[in-house]
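Please open the model in your viewer and keep the selection panel at hand.

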Amino acid sequence: MADYPYTTVPGKLSEFLGKIQQLGIPEKVNTKWLPTVGFASKNDRSLIPVLKYISLVSESNEPTEVWKEFRGAGGGRALGRAVQTAYRELFVTYPDANVRTTDCLLYTSDA
């Protein structure tokens with residue numbers, strides 16, 4: 001199975017996603033912007049690769065259409081589609097990956 005980007009502050013990901021729906025759309029989502037919205041820890045920077053992987057942020061650090069859709073009434077569905085697209089291989093193997101524990105999703109080889 002592929003390696004996926006991760007954040008060192010997974011508990012803050014939900015908080016950050018909540019902020020997206022409350023704030024305006026920034027020009028850039030980068031290490032200079034994060035502290036202005038309450039994410040000043042150096043560890044918070046690890047959120048950015050995850051946001052890029054699920055297509056909320058472009059490679060040039062700009063909010064994408066997915067970011068904008070997530071802010072709207074169908075935000076949960078937009079985020080769900082983005083996650084399922086980004087982690088397609090995982091969801092093909094485990095269609096219920098979103099409800100499995102981390103231990104159930106870890107791939108270990110006896111070889």
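Select Lys 28 first: at 34% relative accessibility it counts as partly exposed, a class lying between buried (under 20% relative accessible area) and exposed (over 50%), with a 1.4 Å probe and protein chains only. The model is predicted, so local features need pLDDT of at least 70 and side-chain atom pairs count only at pLDDT 80 or more, while totals for chains, interfaces and linings use all residues. Residues are numbered from 1 along each chain as its sequence is written, and side-chain values use heavy atoms, leaving out hydrogens and water.

Glu 62 is partly exposed, at 37% relative accessible area.

Next, select Lys 12 and Asp 44, which form a salt bridge with the closest N and O atoms 3.1 Å apart. Lys 12 is partly exposed at 27%, whereas Asp 44 is buried at 0%.

Move on to Asp 96 and Arg 100, whose side chains meet in a salt bridge at 2.8 Å, N to O. Each is partly exposed: Asp 96 at 33% and Arg 100 at 33%. The whole structure contains five salt bridges.

Finally, which residues does Trp 67 touch? Its contacts (heavy atoms within 4.5 Å) include Phe 16, Ile 20, Val 29 and Trp 33, not counting residues up to four places away in sequence.

Key
A salt bridge is a side-chain nitrogen of Lys or Arg within 4 Å of a carboxyl oxygen of Asp or Glu.
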